[in-house]
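Subject: Structure handover

Hello,

Here is the structure I promised to pass on. Please open it beside this note; my findings follow below.

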Amino acid sequence: MTPEEAQRLESNIQKTLSIHAKSDKSYLWMAYWVIFEREADPDGLEGWLNDIKAGLNRADVIQKMVESSEFQTRLSGEASSVSILDQKLPPA
């Protein structure tokens with residue numbers, strides 16, 4: 001994934017989730033589904049909630065999730081990073 005594609009992905013995820021998520025917990029639940037295509041595990045969810053409470057903003061959470069080894073492994077299994085954007089998010 002190029003830096004431009006990663007930035008576009010992070011921006012689109014942030015916009016989409018910010019519109020629909022009213023609480024930090026619902027924001028993180030949706031982020032897990034969009035980024036990892038799975039439910040949030042209790043320990044991971046609690047860790048992210050603690051990070052947000054400690055001052056990490058939502059955009060930084062998305063960036064860290066996209067940079068995670070879990071997402072990078074999933075991404076490498078996809079045909080292209082553009083296909084992920086087209087399947088998951090509305091056009092910017």
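**Salt bridges first**

The count comes to four salt bridges, where a salt bridge is a side-chain nitrogen of Lys or Arg within 4 Å of a carboxyl oxygen of Asp or Glu. This is a predicted model, in which local features need pLDDT of at least 70 and side-chain atom pairs count only at pLDDT 80 or more, while totals for chains, interfaces and linings use all residues. Residues are numbered from 1 along each chain as its sequence is written, and side-chain values use heavy atoms, with hydrogens and water left out.

R74 and E37 form one of the bridges, at 3.4 Å from N to O. This pair links distant parts of the chain: R74 lies in helix α5 (residues 69–76), E37 in the loop between α2 (24–36) and α3, and they are 37 residues apart. R74 is buried, at 16% relative accessible area. E37 is partly exposed, at 35%. The cut-offs: buried is under 20% relative accessible area, exposed is over 50%, and partly exposed is in between (1.4 Å probe, protein chains only).

R38, D41 and E70 are linked in a network of salt bridges. R38 to D41 has its closest N and O atoms 3.3 Å apart. For E70 to R38 the figure is 2.7 Å. R38 is partly exposed at 26%, D41 at 27% and E70 at 33%.

**Fold and confidence**

The chain has six helices and zero strands. Helices (H or I, at least four residues) and strands (E, at least two) are DSSP runs, numbered from the N terminus. Helix α1 (residues 3–20) has 18 residues and reaches 26 Å from first C-alpha to last. That is close to the 26 Å expected at 1.5 Å a residue, the expected span being 1.5 Å times one less than the number of residues. Its buried residues include L9, E10, I13 and L17.

Of the 92 residues in the chain, 39% are buried. Among contacts (heavy atoms within 4.5 Å) between residues at least 6 apart in sequence, 59% join residues at least 24 apart.

Mean pLDDT (the predictor's confidence in each residue, from 0 to 100) is 82, and 83% of residues reach 70 or more. Confidence is highest in helix α3 (residues 42–53), at a mean of 96, and lowest in helix α6 (residues 81–88), at 51. Where pLDDT is low, the predicted coordinates should not be read in detail.

Best regards
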